[in-house]
Amino acid sequence: MSNVVIPEEVSKRRTFAIISHPDAGKTTITEKVLLFGQALQKAGTVKGKKSGQHAKSDWMEMEKDRGISITTSVMQFPYSGALVNLLDTPGHEDFSEDTYRTLTAVDSCLMVIDSAKGVEARTIKLMEVTRLRDTPIVTFMNKLDRDIRDPIELMDEVEDILKMACAPITWPIGSGKEFKGVYHILRDEVILYENNKGHTIQDSVIIKGLANPELDEAIGHVADDLREELELVLGAAHEFDHDAFLKGELTPVYFGTALGNFGVDHILDGIVEWAPRPLPREADVREVKPTDEKFSGFVFKIQANMDPKHRDRVAFMRVCSGEYRQGMKMHHVRLNKNVNVSDALTFMAGDRERAATAYPGDIIGLHNHGTIRIGDAFTEGEKLRFTGIPNFAPELFRRIRLRDPLKQKQLLKGLVQLSEEGAVQVFRPLDSNDLIVGAVGVLQFEVVVGRLKTEYNVEAIYEAISVATARWVYAEDELKLEDFRKKCSTNLALDGGNNLTYIAPSMVNLNLSIERYPDIQFAKTREN
Ligand code: GDP
């Protein structure tokens with residue numbers, strides 16, 4: 001008997017994450033999105049940041065109140081007939097590899113840009129990651145209630161820097177104090193903006209048709225300016241092209257203000273209409289289709305629950321095919337073991353809840369006592385490994401040293417386990433007894449020292465080290481690799497999984513080595 005529920009459930013799902021530079025408005029948009037999903041009674045409780053705390057104290061808070069960070073990691077809510085999964089990507093000081101890997105678990109991204117600033121550094125980095133899978137991107141130009149840069153210039157910047165064609169879906173009418181609303185190009189209607197309504201879902205005034213005299217009544221002479229400007233813009237800009245969007249080549253662009261909750265519904269409408277349904281996933285043996293009847297999923301993030309007594313961690317898994325049912329037996333492929341899953345977490349309405357079922361595109365949380373690693377696959381028995389869940393070369397490095405030198409073994413064990421979990425990366429130079437910790441974000445260092453103390457009972461401290469970057473090295477030819485290993489041993493190390501890594505003291509040094517050893521591949525990402 002074929003299961004008709006799965007394809008139906010799959011077609012409802014839209015799973016996305018927000019990418020942005022800090023302060024562009026990700027948190028504010030998340031709050032408004034939830035307002036639309038009616039998932040929260042009142043927006044403003046998404047994270048503790050609004051009460052003046054920053055990432056570091058958030059983490060301390062989590063220690064006391066375990067679970068908080070988990071509830072904010074994934075949110076599911078119904079919108080316009082669809083079920084939307086929004087995955088949080090920490091974007092502040094707590095920036096880490098989790099941020100990168102979360103992007104491998106979504107089917108599309110919302111890119112939020114501060115319209116006074118344009119394309120900023122963090123956005124560029126995150127976009128590099130979405131490129132690995134050509135993830136479709138929806139763009140929101142935020143903060144239209146402030147004075148912004150020329151909208152055409154903003155789109156040019158996206159095209160130049162991020163190499164994506166821009167197709168405006170809405171067009172702003174003024175900005176700052178003169179912000180009147182937007183013209184929805186595809187619907188041919190003007191939606192008027194009202195100040196100070198950000199905390200509500202607004203019943204906006206909508207004027208049908210650009211030529212409508214009601215528009216002149218509503219916004220006066222600006223109406224004629226708008227008509228003129230649009231003629232220009234529509235002549236020059238790309239038209240929306242669904243295929244190009246799905247290939248990640250073109251992005252639909254919306255304008256609005258997250259704070260004013262204006263335009264956020266337009267983005268959600270766009271995501272529900274155009275963003276991909278849960279996509280197939282590549283595995284080593286075959287492509288896994290979401291509508292396959294047998295369950296499968298992969299782990300993209302492991303989060304410590306911060307309760308030192310329990311060592312309990314939650315492994316976040318993206319469901320790739322089939323159906324998760326409470327109490328089902330799953331096969332943990334890497335360990336070749338069957339496990340009964342009776343208490344997976346789902347994330348409806350921003351609360352931790354026991355899930356009865358979950359479908360492709362959904363995220364579930366498995367309790368984990370250290371046996372699950374990033375990238376692990378769970379199935380109903382099939383042996384497969386999902387590809388495309390990479391480790392990313394760290395960008396920050398410290399030497400780690402013990403206060404008590406007798407505990408070297410425990411330190412190494414702790415670091416290797418934490419690196420398997422994806423919390424941090426560890427490198428052991430071939431030529432010395434140093435231990436080097438590598439991270440993508442600074443907060444990872446603090447978390448690791450804290451966890452080494454509580455979970456492994458070792459007190460460690462960091463020392464500065466002059467390392468600029470790391471690359472995993474490979475070669476087709478074993479002899480060439482061996483030769484390279486001998487010649488460059490002072491710059492080589494083994495990572496937590498014993499993979500050979502080039503530790504570069506400077507970018508100049510790295511580039512020289514790349515030139516000098518053309519048979520060696522220097523990779524920025526590595527898959528388990
Ligand atoms: P995040 O760092 O990307 O999560 O950004 P937040 O959502 O925390 O926003 C950063 C700051 O910008 C906060 O003070 C917000 O109130 C403010 N902000 C966000 N959206 C808007 C907007 O549309 N207009 C204005 N004026 N401020 C905004």
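This is a predicted model: local features need pLDDT of at least 70, side-chain atom pairs count only at pLDDT 80 or more; totals for chains, interfaces and linings use all residues.
Biologist: Where in the chain is N336, and why is N336 called exposed?

Modeller: N336 sits in the loop between β17 (329-332) and β18 (337-340). Helices (H or I, at least four residues) and strands (E, at least two) are DSSP runs numbered from the N terminus. N336 has 8 other C-beta atoms within 10 Å. Residues are numbered from 1 along each chain as its sequence is written.

Biologist: Where does D23 lie, and why is D23 counted as partly exposed?

Modeller: D23 belongs to the loop between β1 (13-20) and α2. The count for D23 is 15 C-beta neighbours inside 10 Å, so D23 is partly exposed. D23, not a glycine, also has a positive phi, of about 80 degrees.

Biologist: What share of the protein is buried?

Modeller: Of the 528 residues in the protein, 45% are buried. The protein has 15 helices and 33 strands.

Biologist: Which residues come nearest the ligand?

Modeller: There are 17 residues around the ligand, and K26, T27, T28, T257 and L259 come nearest. A residue is near a molecule or strand if its C-beta atom, placed from the backbone, lies within 6 Å of it.

Biologist: Which helix gives the most to that shell, and what is the make-up of the shell by class?

Modeller: Helix α2 (residues 26-36) gives the most, with three residues. The shell has four nonpolar, eight polar and five charged residues. Ala, Val, Leu, Ile, Met, Phe, Trp, Tyr, Cys and Pro count as nonpolar, Asp, Glu, Lys and Arg as charged, and the others, Gly among them, as polar.

Biologist: Why are α2 and α11 called roughly perpendicular?

Modeller: α2 and helix α11 (residues 264-274) pack at an angle of about 70 degrees, with their axes 10 Å apart. Axes are lines fitted to C-alpha atoms, for helices over the stretch in contact, and angles run from 0 to 180 degrees between N-to-C directions. Angles under 35 degrees count as roughly parallel, over 145 as roughly antiparallel, 65 to 115 as roughly perpendicular and the rest as oblique. α2 and α11 are therefore roughly perpendicular to each other.

Biologist: Which residues make the contact between α2 and α11?

Modeller: From α2, I29, K32, V33 and F36 meet V264, D265 and L268 in α11. Five residues of this contact are nonpolar, none is polar and two are charged. Two residues are in contact if their C-beta atoms, placed from the backbone, lie within 7 Å.

Biologist: How do you know that β7 and β8 pair, and how many bridges join them?

Modeller: Strands pair if DSSP finds at least two bridges between them. Strand β7 (residues 170-173) and strand β8 (residues 181-184) have four bridges and run antiparallel. I173 has G181 in β8 as its bridge partner, and P172 has V182.

Biologist: How many bridges link β8 to β9, and what lies between these strands?

Modeller: β8 and strand β9 (residues 189-192) are antiparallel and joined by four bridges. V182 stands opposite I191 in β9. The two strands form a hairpin with four residues between them, and D188 in the turn has a positive phi of about 50 degrees.

Biologist: What makes β7 and β10 edge strands?

Modeller: The open sheet of four strands has the order β7-β8-β9-β10, with antiparallel pairing. β7 and β10 (206-208) each have a single partner strand, so one side of each is left without a neighbour in the sheet. The twist averages 20 degrees from one strand to the next. Helix α9 (residues 222-236) lies across β7 and β8, at about 145 degrees to β7.

Biologist: Which strands stand at the edges of the sheet of eight strands, and why?

Modeller: That sheet is open and antiparallel, in the order β28-β25-β27-β26-β30-β31-β29-β32. β28 (460-464) and β32 (521-523) have a single partner strand each, so they stand at the edges. Here the twist averages 40 degrees from one strand to the next.

Key:
A residue is buried if 20 or more other C-beta atoms lie within 10 Å of its own, exposed if 12 or fewer, and partly exposed in between; C-beta atoms are placed from the backbone.
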